Amino acid sequence: MSIKHHKPLLSLENFSFGYDSDKEPLLKNLTFSIHPQETILCIGPSGSGKSSLSLCLNGLYPEAVEGWAKGEIMYNGTPLSHFKKGEINKEIGVVFQDPESQFCMVTVENELAFTLENMKTPREEMTGKIDDMLSAVGLTEEKHRAIHELSGGNKQKVALASVLLLNPTLLILDEPTANLDPVSRLEFIELIYSLKQERGFALFIIDHQLDDWLPLMDRVIAINRRGNILLEGKPEDVFYNEAEKLKEEGIHIPRIVETVLDRQEGKVPETYRPLSEADLGSWMNVTGQMTSLISEKIQPFDSGANEVSEVLSIRNISFSRGKQSILKGIDLSLQSGELIAIVGKNGAGKSTLLQVMSGILAPKTGSRLLLNKQYEAWSEHEMRKVMGYVFQNPEHQFITDTVYEEIAFGMKINGVNQDKIEQNVNQLLKRFRLTSHKWSNPFALSGGQKRRLSVATMLEDTPSVLLFDEPTFGQDAQTTEELMQMIQTLQRQGTAIVFVTHDMDLVDTYCEKVYVVYGGEVSFSGKPDELWERPEILHHAKLRLPFRVRINRLLENLHPNEKKQGGVRAHANIH
Amino acid sequence: MLTSINPTMKALAVLIPALLLAFTFDPLTPFIYLVFTVAVTFLFGKVAFKRWIAMFSPFLLLAGSFAWMTMLHPSDTFSGGDVLFAIWSFQVTSDSFWAGISLGLRSLSFAALSLLFILTTDSTKFMLSLMQQCKLPPKLTFGILAGYRFLPTFRYELQVLRQAHRIRGVGRARGVKERLHQFRRYAIPLFANAIRKAERVALAMESKGFTGETDRTHYHEMTIDKRDWVFVSLFFVMFFVSVLLSYQLGFLNIFGNHF
């Protein structure tokens, strides 16, 4: 591409930014530029200041937070500070991570109008512009609907539409898909791609989930923990040549790259370095790496060592809220040491099912057994000892002022003596690597630490059942990995685990059994590998095949003769 | 048709007669006005009777108890007249009876006027109209609108918190001290979240070019035209008509003075 010949659209020279002038700056001496129509991916570990950078780039920081900045950011050669308030925002738009908190109006139509009003667009032109934009992002049908009724994916599309109405030359996306399920994420990324082709804005994307963005990237900028630029360059160079360096910083390598590196033991020829799944497929084909990706199912439980028994079972459970029936005739059974996943699209009733299993909600009909005893026969107090529940947002579970008290809380209620408490808490702190934060406020911890603490609080005794509501939602890959390690340790001790999740890779790697909930009913239950063979169920429940299976399908389709059923599966690859 | 009346003008048309009605102590004036208000609600507003009565019935109960209290405990001004009936030691005189009925009807008139406004007005349009007609600053207008969006989220979060705390084994709070403690436990995460969200929304609004300047265009142009004036006048005129009518029939009583 001949991008380099143009003048840069946005350029940073020795730019530093910090919240507190006494402390070390968050971003240090950044120098880079963004050219017109270029697509840049910005990566870095959590807490490296990427989100702050995005707000510096469109001129909202440092003013909005009373922070300080050194060095200049120039837009078309003019420092950002020289622009009048609100002017630069018309050139540089941002879509943020949280779909719940970027709107100020009730309906889609009014939210889009809000942007146009800010730009002083004449009233006569507004309706036309709103309708055009809605059809561009595919939300024409939703024009008059209330935003809070929309799905997460559609909310992000509304956010995108209202920013694109500014007609920006640079669009910044700050983890826009972190809170979306995998199918919506892919849809959003494809939408961005087609809009970029049409409108030719430059893109600056911050994200942890790199795989689906990769094919679109011109350049990658990696920021390290200390807020310096670690690497900058073409995606092939950055990921294939510097993988070790990235891993050291806790940045995850895209799975496509990892697959190639694993098979080549690190030596990859410059000529062919795939960045998309299709390219990976043909690379494996060309290099004769036709062996499909094997299931790396991690089995923490060597059956036979422990005796397996049923810990929880529910029969014919129905639940309704008002007149609306949410669960219909659900059967589910859980063995000790088992890890099962409950999956399905938003609003299918997954979380309600989990709440019924936890005893927080009482079903309308059906029977529930926990350790062979009816739920109704359990006292609340005893039930909580044998069954834990980890909420999606760890903050909701915190009830005390320090990490120590948080872990000790349950034991204190149960009247455990002080020495024993002290001993147990210290053990848990050590196991969850929280010892150095013993006296910190739970709310002041980092995302990963909060997640670890929320699990630790459930483990004063080893529970028989542990329920998780979307534990990996909006978390980076490292936190997810840590969590899964903890869970496997628990499994080995015989705890049965239930997961509500959207992450099919997680299901593929860790789960023995998966339940698909669709319209309040279980539409599939069985081994994950069997689920991957059921395109119709995957399609209606809006599930995306895991990476491993997607690549294997690609390979099968490249050689349809060798595998007899290859052609039948073409449809499933869309997801 | 009521939905298309300018919300600020509608608020005026409802508010001022309600204030004036507070001074009429006879039963007929508020009764005429009540009938008028209800008639307008159903003739010109597309209000479902079921929804209206569901919201109106609690006021019936309230007005009834107001009236009853006034009858049993009248002030000196209204204790004259013949004794109509007696319950235990309470004697209800004709004056106090009518004063009670009047108070009940006034309360119902207020309720009917409020419902007329609430059921036919879009909250967004009301705020936009306050900004465009009453020069409410845009920062405040859009701030309130953004806050309004958070109300359902807030309720949902409180529900999740309750469940999460129950899972942790926190029992139902007993006693004032424990309740205070529990309030604090709920309040911190709720406020922490609210502040974070407010900050995010503010940033999102600014990044869409919002500056708080009053110089902006309006997608929903809220205008005041002849119809709005007619509407307000109708409500004013009707007040004086009902006063005149009660005067003619010899009922009128303003602030305790009979005319």
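Trainee: How many bridges join strand E19 of chain A to strand E20 of chain A?

Mentor: Strands (E, at least two residues) and helices (H or I, at least four) are DSSP runs numbered from the N terminus, and two strands pair if DSSP finds at least two bridges between them. Here E19 (residues 513-518) and E20 (residues 521-526) of chain A run antiparallel and are joined by 5 bridges, with A:Val517 having A:Val522 in E20(A) as its bridge partner. The two strands form a hairpin with 2 residues between them, and A:Gly519 in that turn has a positive phi of about 55°. This is a predicted model, in which local features need pLDDT of at least 70 and side-chain atom pairs count only at pLDDT 80 or more, while totals for chains, interfaces and linings use all residues. Residues are numbered from 1 along each chain as its sequence is written, and chains are lettered from A and ligands numbered from 1 in the order in which they are written.

Trainee: Which strands stand at the edges of the open sheet of 4 strands in chain A?

Mentor: The order in that sheet is E2-E1-E4-E5, with antiparallel pairing. Strands E2 (27-34) and E5 (78-79) of chain A are at the edges, each with a single partner strand, so one side of each has no neighbour in the sheet. E5(A) pairs with E4 (residues 68-75) of chain A in the antiparallel sense over 2 bridges, and A:Tyr75 stands opposite A:Thr78 in E5(A).

Trainee: At roughly what angle do helices H2 and H4 of chain A cross?

Mentor: Axes are lines fitted to C-alpha atoms, for helices over the stretch in contact, and angles run from 0 to 180 degrees between N-to-C directions. The axes of H2 (residues 108-118) and H4 (residues 152-164) of chain A come within 8 Å and cross at roughly 30°. Angles under 35 degrees count as roughly parallel, over 145 as roughly antiparallel, 65 to 115 as roughly perpendicular and the rest as oblique, and H2(A) and H4(A) are therefore roughly parallel to each other. Residues are in contact if their C-beta atoms, placed from the backbone, lie within 7 Å; H2(A) contributes A:Val108, A:Glu111, A:Leu112 and A:Thr115, and H4(A) contributes A:Val158, A:Ala161 and A:Ser162.

Trainee: Which helix gives the most to the side of chain B that touches chain A?

Mentor: The contact takes 37 residues from chain B and 52 from chain A. On the side of chain B, H6 (138-167) and H7 (175-207) are the elements that give two or more residues, and H6(B) gives the most, with 13 residues.

Conventions: Contact = placed C-beta atoms within 7 Å.
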